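My notes are below, in the order I went.

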Amino acid sequence: MRDNMTVEIRRISASALAAMGAESSPEAHTEYLEGALHRISDIDEDIFPGNVWGLKAYSDSAVHDYDYLIAAYGKTDGKDEALIGFALLRCFDDAELIRIAVDKSFRQRGVGRKLLDELITETEKRNIKDIFLEVRVGNIPAVSMYRAAGFTDAGVRKNYYSEPKEDALIMRYTC
């Protein structure tokens, strides 16, 4: 049986942390941000071996307004809160879901869907019409989650992924 788990989604950015409250010092904000970015990078490395974005890329995303980097924090009965997943959305005229990942030990608990729902909400707030993403055609759990959220197939990129070589399904969500 699984523990009861609560999940909270938070934006990971310097400006979002500063807005969280004056009771924390700038040093505490920096420490929190660095810890979150290291954990995001660790999850990325575990979930996407051979296609890692890296700490610097996530650090850069935390300072750009056009990037919306969020993290899922989970807390189970009797345990400390932990960063258990993240997502990165890049927003211009349309939006692109760059990454979404959940720690393997917290999958199948709705964390990915909660992250995805937050990205859709943010896209609507920014008055962006479409979200696009690429996903491995063989990643059935992810494809199913995207379809359940309202994404539709928009095309295929042949041999897009390596290690192993696989096609990418392009998907689109219209707000």
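I started at Arg99, whose side chain makes a polar contact with the side chain of Asp44 at 2.7 Å. (A polar contact is a pair of N or O atoms within 3.5 Å; within protein, one must be able to donate a hydrogen and the other to accept it, and residues adjacent in sequence count only if both atoms are side-chain atoms.) I found Arg99 in strand 4, residues 95-102. Its relative accessible area is 7%, so I put Arg99 down as buried. (Buried means under 20% relative accessible area, exposed over 50%, partly exposed in between, with a 1.4 Å probe and protein chains only.) Leaving aside neighbours within four places in sequence, I listed what Arg99 is in contact with: Asp44, Phe48, Asn51, Val52, Trp53, Tyr58, Phe86, Ala87 and Leu88. (Contact means heavy atoms within 4.5 Å.)

Ground rules, before I forget. This is a predicted model, where local features need pLDDT of at least 70 and side-chain atom pairs count only at pLDDT 80 or more, while totals for chains, interfaces and linings use all residues. Residues are numbered from 1 along each chain as its sequence is written, and side-chain values use heavy atoms, with hydrogens and water left out. Helices (H or I, at least four residues) and strands (E, at least two) are DSSP runs, numbered from the N terminus.

Entry two, a buried aspartate. I moved to Asp167, which sits in strand 7, residues 166-174. At 19% relative accessible area, Asp167 is buried too. What does the side chain of Asp167 reach? I traced it to the backbone nitrogen of Asn159, at 2.8 Å. With neighbours up to four places away in sequence set aside, the contacts of Asp167 include Val135, Arg136, Val137 and Tyr161.

I then checked Asn159 itself, in strand 6. Asn159 has a positive phi of about 50 degrees although it is not a glycine, and at 45% relative accessibility it counts as partly exposed. I placed Gln108 in the loop between strand 4 and helix 4, and it is exposed at 66% relative accessibility. I flagged the peptide bond from Glu163 to Pro164 as cis, with omega near -5 degrees. Pro164 is in the loop between strand 6 (152-161) and strand 7.

How do helix 4 and helix 5 pack? I noted an angle of about 45 degrees between helix 4 (residues 111-125) and helix 5 (residues 140-149), with axes 11 Å apart. (Angles under 35 degrees count as roughly parallel, over 145 as roughly antiparallel, 65 to 115 as roughly perpendicular and the rest as oblique.) On the helix 4 side, Gly112, Arg113, Leu116 and Ile120 make the contact, and on the helix 5 side Met145, Tyr146, Ala148 and Ala149.

Last stop, Leu116 in helix 4. Leu116 is buried, at 1% relative accessible area. Not counting residues up to four places away in sequence, I have Leu116 touching Leu97, Ile100, Met145, Tyr146, Ala149 and Phe151. The C-alpha atoms of Leu116 and Ile100 are separated by 7.9 Å, with the two residues 16 apart along the chain.

Key:
Axes are lines fitted to C-alpha atoms, for helices over the stretch in contact, and angles run from 0 to 180 degrees between N-to-C directions.
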